[in-house]
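My notes follow in the order I looked things up.

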Amino acid sequence: MINYPEKAVYTYDDLVDILRILRAPGGCPWDREQTHESNRRNFLEEAYEAAEAFDLDDPELMKEELGDVLMQVLFNIHMEEEAGRFTTDDVTDHVVRKLIFRHPHVFSNAKADDSEQVLVNWDKLKRQEKGQRTTADAMDSVARSLPALWRADKLQSKAAKAGFEFPDVSGALDKLDEETQELRSAVQSGTNFEEELGDVLFAAVKVGRFCGVDPEAALTKTCEKFIARFRKVEEAVNARGEDMSALPLDELMALWNDAKEQLR
């Protein structure tokens, strides 16, 4: 048993100490067994939970979830400290140098009169820093662990900056129609479902970019809308004392349309 001192307020240093204790001999067996790979899902889940706290604009929840994210960051850094590959100071040194390099309008003589120019400069400096000679190199560096809709959006943004873009949304809508027809053909022929569905989703993201819509946010809202409508259908069926699975589809769709009207 380790008697950690009680304090009125625990600090960042206490968090670092606690994590080291948990990973040390005599600490927690589960914590000691973790690797980056085994902890990967936990890391991502904590980041998403923090994002939900932002969406809710809930300061108490933000405090909790950002604490969990900070813990995950330090936990993974500590694994590397144990392995002797790098330290917390190595991590902070790297990010500070990057921030100074990518903000020459603040720390040097470069000009950036608005946020748009800041982003243009940021992209140029990032490519210089990472040795990306082509747009394809920059695309290839977009993390494959991103949600696919966000990754598609980032890839399309980089292509657009290189001039590979429809002149307006009508071209994007035509492409979406074309890909939808190819998906229909794939279903009819019984081949290439995954490829053609992926093309439809990619084309839909392109339309969203022209409309200024975050594809991940749009699909998230649709998921919430689907739950709310389904709940109404389920409540209507239950109120009649019937089994949803036994009802014909046309009757369920009629209830679905009623739910749409109720929730407008």
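I started with H1, whose buried residues pack against helix H2 (29-33) and H4. Those buried residues are Asp14, Val16, Leu19 and Arg23. For the record, buried means under 20% relative accessible area, exposed over 50% and partly exposed in between, with a 1.4 Å probe and protein chains only. Helices here are DSSP runs (H or I, at least four residues), numbered from the N terminus.

Ground rules before going on. This is a predicted model, where local features need pLDDT of at least 70 and side-chain atom pairs count only at pLDDT 80 or more, while totals for chains, interfaces and linings use all residues. Residues are numbered from 1 along each chain as its sequence is written, and side-chain values use heavy atoms, with hydrogens and water left out.

I then checked the length of H1 (residues 12-23).

Next I picked Gln72, in helix H4 (residues 59-83). Is Gln72 buried or exposed? Its relative accessibility is 6%, so I put it down as buried. Leaving out residues up to four places away in sequence, Gln72 touches Asn39, Asn42, Phe43 and Glu46; contact means heavy atoms within 4.5 Å.

On to the cores. A nonpolar core is a set of buried Ala, Val, Leu, Ile, Met, Phe, Trp, Tyr and Cys residues joined through side-chain atoms within 4.5 Å. The largest one has eight residues: Val233, Val237, Met244, Leu247, Leu252, Leu255, Trp256 and Ala259. A second, separate core has five residues, including Val16, Leu19, Leu74 and Phe75.

Last, the largest pocket. I noted 13 lining residues, with Tyr48, Ala51, Glu52, Asp55 and Thr220 nearest its centre. Helix H3 (36-56) and helix H12 (215-239) are the elements that give two or more residues to this lining, and H3 gives the most, with six. A pocket is an open set of points on a 1 Å grid over the protein atoms alone, where a 1.4 Å probe fits, with protein on both sides within 12 Å along at least five of seven lines; lining residues have an atom within 4 Å of a point.
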